[in-house]
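Welcome to a short tour of a protein model. Have a look at the sequence and the 3D view first, and then we will walk through some of its parts together.

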Amino acid sequence: MARYLLFRGLIDTLDLYTDEFAKIFRAQGADCLVLDAGRMEEEMVRLKAFLLRPVTAAVSFNNIGLHLELEDGQNIWDAFQIPFWNILMDHPFHYKKALDTAPEQTVLLCMDKNHLEYVARFFPHIKKTEFFPHAGISVRKKEDILPLGERKIDVLYAGGLSRYAAEGLIPDLGKFMDFDAFALVKRALERLIQEPDSTTEQVIEQCLNQMQPVYDDKRLGEIISGLRFVDSFAVSFYREQMVRILAESGITVTVFGAGWERCGWEHPNFIYAGEIPPRQILELMNQSKVVLNTMTWFKRGAHDRIFNGMLAGAAVVTDTSQYLQEHFKDARELRVFSLKEMHALADIVKELLADIEGAQQMADCGYQESLAHHMWKNRIDALTAGQKS
């Protein structure tokens, strides 16, 4: 019997994924222990009892539990030779400190193929990495999914303006003595806005090389991680542009997420509805005709908003990526737009809202495709098959 350890209790969104994983593992006949990461001292008794028998893997998101230790200071996963499936929902440069000291048993699962290359270059001690794209969760049976014409929300966007959270990531730029960090940040952000197909690490390195001799990877990784806030600023710029373009084009957009109350502009078509639990967002997608997505600067990956929207029976509109181009056809299962051509977004959404029958056909195709290939069960099945081979 397969046996898995999981962690929850710190972040609502990650708990949603953890609960889904535990449900899938148990449906497959596995034994699962879900630990409360917020009270690990008390949970150690349960953990040690579970470790008395072989454990298939510890499964976690964003490094939770990665550095758990025994009383003698030895990493638990290395001591018991338990693979630690560490699923990164964000770019690895956000987790430099944790990844620099990752145990040998780490299996790093990345949501974007570019992240695999980044890990290979800047965290070469991590030997096991896998591409593990986002997936979706279905909360309603097919027969309970409302037709688009009966839905009350025209357009839904669920995602925060991350630049405000990223303000806390801004280091003291004056402490970068070997180059002008203020000039580099300005130049890098301008480049990301002008060339949105580029990755943040590419742009920072290119801008840095224009200012100074080439750094070795150790120093370059430190600089990229230190200046990673520019990534969130670029993401937020395009998220805000997307919503504003639609609102000013006469399309009502309902938005959930942190930071929008600080965006500094208002419009009658812009409805900010605050922050709500992730599972409630899934229910609201079932009441939305169009679900919008923007990537978190994933150029060769996806985002769960896409698959959750499809599984909710909505018409999904998203900026594109290599992964989406490989797995979907524009206008068949979803509609895509380019960040370089944001002006086309309003026409795409207007077309969907005006042609509900056509939008319904596309939504039905998206639902079937996600149901068959893009649920978390599909990702877990692929992962476990790969680990056995």
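A residue is called buried when its relative accessible area is under 20%, exposed when it is over 50%, and partly exposed in between. R219, at 25% relative accessibility, therefore counts as partly exposed. Please keep in mind that this is a predicted model.

## R219 and its partners

R219 has a partner to meet: its side chain forms a salt bridge with that of E222, at 3.3 Å from N to O. Both residues lie in helix α9 (residues 217-226), three residues apart, or about one turn of the helix. E222 is partly exposed, with a relative accessible area of 30%.

Another pair sits in helix α16 (residues 376-388). K377 and D381 are four residues apart in that helix, so about one helical turn separates them. Their closest N and O atoms are 2.8 Å apart in a salt bridge. K377 counts as partly exposed at 44% relative accessibility, and D381 counts as partly exposed at 28%. Back at R219, salt bridges with shared partners join D178, K218, R219 and E222 into one network.

## A bridge between separate parts

How many salt bridges does a search of the whole structure find? The search finds 25. One of them is formed by the side chains of K48 and E71, at 2.3 Å from N to O. K48 belongs to helix α2 (residues 40-50), while E71 is in the loop between β3 (57-61) and α3 (76-79), so this pair ties together parts that are 23 residues apart in sequence.

K48 counts as partly exposed, with 34% relative accessibility. E71 counts as exposed, with 68%.

## The nonpolar core

Now let us turn to the inside. The largest nonpolar core has 136 residues, and L5, F21, F25, L227 and L292 are the ones that touch the most other members. Helix α10 (residues 229-248) gives the most to this core, with nine residues.

Leaving aside residues up to four places away in sequence, L292 touches V155, L156, Y157, M242, L246, V253, R305, V317 and V349.

## An enclosed helix

Is helix α12 largely enclosed by the rest of the structure or open? Eight of its eight residues are buried, so α12 is largely enclosed. The buried residues are D304, R305, I306, F307, N308, G309, M310 and L311. Just after α12 comes G313, which takes a positive phi of about 80 degrees.

Helix α12 (residues 304-311) packs with helix α15 (residues 356-373) at an angle of about 115 degrees, and their axes are 7 Å apart. The crossing of α12 past α15 is left-handed. On the α12 side, F307, M310 and L311 meet G366, Y367, S370 and L371 of α15. Sorted by class, this contact has five nonpolar, two polar and no charged residues.

## Strand β3 and what follows

F61 has its place in strand β3. At 3% relative accessibility, F61 counts as buried. Apart from residues up to four places away in sequence, F61 touches L14, Y17, T18, F21, N86, I87 and M89. F61 and F7 are 54 residues apart along the chain, and 8.2 Å separates their C-alpha atoms.

Most residues other than glycine have a negative phi. N62 has a positive phi, near 55 degrees. N62 is found in the loop between β3 and α3, and counts as buried at 15% relative accessibility. Q81 also has a positive phi, near 55 degrees. Q81 lies in the loop between α3 and β4 (84-88), where it is exposed, with a relative accessible area of 53%.

## One last stop

Our tour ends at E266, in the loop between β8 (253-256) and β9 (270-272). E266 is exposed, with a relative accessible area of 77%. Along the chain, E266 and A247 are 19 residues apart, and their C-alpha atoms are separated by 9.5 Å.

Note on methods. Residues numbered from 1 in each chain as written. Predicted model: local features only at pLDDT ≥ 70, side-chain atom pairs only at ≥ 80, totals over all residues. Heavy atoms only, no water. Axes fitted to C-alpha atoms, helices over the stretch in contact; angles between N-to-C directions. Helix = DSSP H or I, 4+ residues; strand = E, 2+ residues; numbered from the N terminus. Left-handed = near helix turned anticlockwise from the far one by under 90°. Contact = heavy atoms within 4.5 Å. Nonpolar A, V, L, I, M, F, W, Y, C, P; charged D, E, K, R; others polar. Core = buried A, V, L, I, M, F, W, Y, C linked by side-chain atoms within 4.5 Å. Buried < 20%, exposed > 50% of the residue type's maximum accessible area, 1.4 Å probe, protein only. Salt bridge = Lys/Arg side-chain N within 4 Å of Asp/Glu carboxyl O.
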